[in-house]
Amino acid sequence: IELNFAGNKDKFKTSEKFWKFIDELDWKDKTQSRGDIKHRRAVDDSFDELNMASQKSFKDRFWKYFNELMEVFEDRSIFDSLERELEHDERKELISHIIAKGQFYYATIMKEPYFCGALVGKHSHDDDFLDFTCFLK
């Protein structure tokens with residue numbers, strides 16, 4: 001992954017820029033990437049390159065989308081309908097993973113949240129996009 005974040009400007013002033021960055025990260029399920037550690041490090045490094053204004057803006061947008069999706073899941077009792085019970089941290093990891101898969105995937109799950117059930121059996125801490133976002137300043 002080669003992403004250029006030089007300069008002091010906020011890279012995420014718009015939702016479109018947020019989702020473009022997410023798409024460029026090319027986040028995959030663990031089963032798709034076969035545990036590609038190099039890819040995970042490149043994603044982590046791309047966050048390190050963000051200036052402080054961009055990091056704050058990214059986190060603000062991330063948590064906005066996170067909270068919107070969490071609200072949909074709670075309103076529709078999605079967590080109660082999954083094949084296994086998820087602990088609080090696993091619920092957060094699942095939501096963050098959905099965001100990391102991109103705008104189209106996020107929008108699909110917002111409309112049809114029951115589709116997330118396929119991720120539950122495969123989900124592991126190795127897929128935890130939330131880990132990356134928590135390191136932002």
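Is S77 buried, partly exposed or exposed? Because its relative accessibility is 37%, S77 counts as partly exposed, where buried means under 20% relative accessible area, exposed over 50%, and partly exposed in between, with a 1.4 Å probe and protein chains only. This is a predicted model, in which local features need pLDDT of at least 70 and side-chain atom pairs count only at pLDDT 80 or more, while totals for chains, interfaces and linings use all residues. Residues are numbered from 1 along each chain as its sequence is written, and side-chain values use heavy atoms, with hydrogens and water left out.

Stay with S77, which sits in the loop between helix 4 and helix 5 (78-81); helices here are DSSP runs of H or I with at least four residues, numbered from the N terminus. The phi of S77 is near 55 degrees, a positive value in a residue other than glycine. Most residues other than glycine have a negative phi.

Next, select helix 4 (residues 52-75) together with helix 7 (residues 103-111), which pack at an angle of about 30 degrees with their axes 9 Å apart. That makes helix 4 roughly parallel to helix 7, a term for angles under 35 degrees. Show the side chains of Y65, E68, L69, V72 and F73 in helix 4, which meet Y106, I109 and M110 in helix 7, contact meaning heavy atoms within 4.5 Å.

Finally, select helix 6 (residues 88-100), whose end C-alpha atoms are 19 Å apart. Among its buried residues are L94, I95 and I98. Just after helix 6, look for G102, which takes a positive phi of about 110 degrees.

Technical notes. Helix = DSSP H or I, 4+ residues; strand = E, 2+ residues; numbered from the N terminus. Expected span 1.5 Å × (residues − 1). Axes fitted to C-alpha atoms, helices over the stretch in contact; angles between N-to-C directions. Parallel < 35°, antiparallel > 145°, perpendicular 65-115°, else oblique.
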